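Thanks for coming. Please look at the model while I talk.

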Amino acid sequence: MKLVFATNNQNKVNEIKSLLGEGVEILSLKDIGCNEELPETQETLEGNALQKARYVADNYNVNCFADDTGLEVASLNGAPGVYSARYAGEQCAAEDNMTKILSELDGKQNRESKFRTIVALILNDEEHFFEGRIEGSITHSKSGSDGFGYDPIFQPNGFDITFSEMSMAEKNAISHRGKAVAKLVAFLKEESPNSSL
Ligand code: IMP
């Protein structure tokens with residue numbers, strides 16, 4: 001089975017390749033000659049993941065999946081959510097996004113939040129969705145220097161360190177994306193029982 005991962009993030013491609021073994025061949029956008037910016041104009045994670053996967057499936061005639069992730073902060077009514085990448089403005093850096101959240105939560109008791117990832121898969125023109133989530137809280141200041149995005153201010157429940165202070169393996173084992181990808185991998189293994197997975 002050949003499957004395109006509709007992302008420009010090579011780290012994500014490598015991660016899923018290592019999880020799937022040889023039964024499923026994962027191709028990147030580059031592998032299929034797609035250098036376009038994929039449309040991502042929906043107002044939900046599900047909508048965006050599906051929009052990206054659908055665009056590639058339809059225009060390149062392939063089976064394909066895409067992911068979309070958001071940080072949802074309870075006392076900000078679920079913001080930044082689908083706008084997580086550009087919360088502090090179109091060209092903003094991760095630092096700006098974190099600073100904005102910390103100042104919006106200043107003085108607020110409830111710091112509950114969660115990361116949610118949706119993977120949308122289009123396989124033989126059928127749509128499938130896989131969700132992974134991790135609950136936690138927003139810290140009072142940035143802590144740690146590893147990872148990316150909101151990692152320095154997100155502390156998963158049951159831990160006294162942020163995502164940014166964990167090893168990559170430790171984070172992947174409990175993360176939103178890790179869980180969504182694990183569900184996708186389990187589904188693909190069921191779909192291709194005769195493969196060498
Ligand atoms: P994407 O859909 O994977 O591109 O994620 C959208 C945005 O959510 C990113 O630009 C980050 O700001 C944030 N994000 C996604 N995953 C993580 C994570 O594992 N840690 C911290 N921030 C993340």
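A polar side-chain atom of D68 sits 3.2 Å from an oxygen atom of the ligand. Keep in mind that this is a predicted model. K171 also brings a polar side-chain atom to an oxygen atom of the ligand, at 2.7 Å. Y150 takes part through its backbone: a polar atom there is 3.1 Å from a nitrogen atom of the ligand. How much of the ligand does the protein bury? Taken alone, the ligand exposes 480 Å², and the protein buries 85% of that.

Now the surroundings. The ligand is surrounded by 13 residues, and the closest are K12, T69, D151, K171 and H176. Two elements, β3 (64-73) and α5 (176-191), each supply at least two residues of this shell. The space that the ligand takes is the largest pocket.

Next, the cysteines. How many disulfides are there? The count comes to zero. A disulfide needs two cysteine sulfur atoms within 2.5 Å. For C34, the closest cysteine sulfur is in C64, 9.0 Å away, so that is too far for a bond. Looking from C64, the closest cysteine sulfur is the one in C34, again at 9.0 Å and too far for a bond. Are these cysteines buried or exposed? C34 counts as buried because its relative accessibility is 2%, and C64 counts as buried at 0%.

Now the backbone. Most residues other than glycine have a negative phi, and most peptide bonds are trans.

N61 is not a glycine, yet its phi is positive, about 55°. You will find N61 in the loop between α2 (45-60) and β3. With a relative accessibility of 73%, N61 counts as exposed.

N77 also has a positive phi of about 55°, and N77 is not a glycine either. This residue lies in the loop between β3 and β4. N77 is exposed, at a relative accessible area of 78%.

A79 and P80 are joined by a cis peptide bond, with omega at about -5°. P80 belongs to strand β4, residues 80-81.

Helix α3, residues 94-104, contains K100. K100 has a relative accessible area of 30%, so it is partly exposed. Along the chain, K100 and Y87 are 13 residues apart, and their C-alpha atoms are separated by 8.0 Å.

That is the last slide.

Methods
Residues numbered from 1 in each chain as written. Predicted model: local features only at pLDDT ≥ 70, side-chain atom pairs only at ≥ 80, totals over all residues. Heavy atoms only, no water. Buried < 20%, exposed > 50% of the residue type's maximum accessible area, 1.4 Å probe, protein only. Near = heavy atom within 4 Å. Polar contact = N/O pair within 3.5 Å; in protein donor to acceptor, adjacent residues only side chain to side chain. Areas by Shrake-Rupley, 256 points an atom, 1.4 Å probe, with all protein chains shown as cover. 1 Å grid on protein atoms, 1.4 Å probe; cavity = no way out; pocket = protein on both sides within 12 Å on 5 of 7 lines; lining within 4 Å. Sits in = over half its atoms within 2 Å of the grid points. Helix = DSSP H or I, 4+ residues; strand = E, 2+ residues; numbered from the N terminus.
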